[in-house]
Amino acid sequence: MSKLRRVEVSTLGAFLSATPVLTLPWFQRAYSWPSSQVARLLGDMLDAMRAGGDNAELLLGTLMLAERSDGPGLALVDGHQRMMTTALLLCVL
């Protein structure tokens, strides 16, 4: 079993700019969030923006990442549904 390398709190922007290659391992399930869960995440984001102004913060939860053995970058082991939904919302907005 691999050892825990580090735990770190990061902003979404810092995470995405520091992680050039992010892949899904073969065992991840397909994207399956229904519109109700997407709406809840979007509502939480909007509430945080309204409440916090320029210093708005929203905890998106924990992501579990692993170094890939077959190439560069990181594998997204846990947090796929949240990250995909966030990426889709950013693309739409």
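How much accessible surface does the chain have, and what share of it belongs to carbon and sulfur atoms? The accessible surface comes to about 7,500 Å², and 59% of that belongs to carbon and sulfur atoms (Shrake-Rupley method, 1.4 Å probe). You are looking at a predicted model, where local features need pLDDT of at least 70, side-chain atom pairs count only at pLDDT 80 or more, and totals for chains, interfaces and linings use all residues. Residues are numbered from 1 along each chain as its sequence is written, and side-chain values use heavy atoms, leaving out hydrogens and water.

**Overall build**
- The chain has 3 helices and 3 strands (DSSP runs of H or I with at least four residues, and of E with at least two).
- Along its principal axes, the C-alpha trace spans about 40 × 30 × 25 Å.

**The sheet**
- The 3 strands form an open sheet with mixed pairing, in the order β1-β3-β2 (strands pair if DSSP finds at least two bridges between them).
- Its edge strands, β1 (22-23) and β2 (64-67), each pair on one side only.
- Strands β2 and β3 (residues 74-78) run antiparallel and are joined by 4 bridges.
- Alanine 66 has alanine 75 in β3 as its bridge partner.

**The aromatic pair**
- The structure holds 1 aromatic pair (ring centres of Phe, Tyr or Trp, the last by its six-membered ring, within 6.5 Å; planes under 30 degrees apart are stacked, over 60 edge-to-face, the rest tilted).
- Tryptophan 26 and phenylalanine 27 form this edge-to-face pair, 5.7 Å centre to centre with 85 degrees between the planes.
- Tryptophan 26 counts as exposed because its relative accessibility is 81%, while phenylalanine 27 is partly exposed at 46% (buried is under 20% relative accessible area, exposed over 50%, partly exposed in between, with a 1.4 Å probe and protein chains only).
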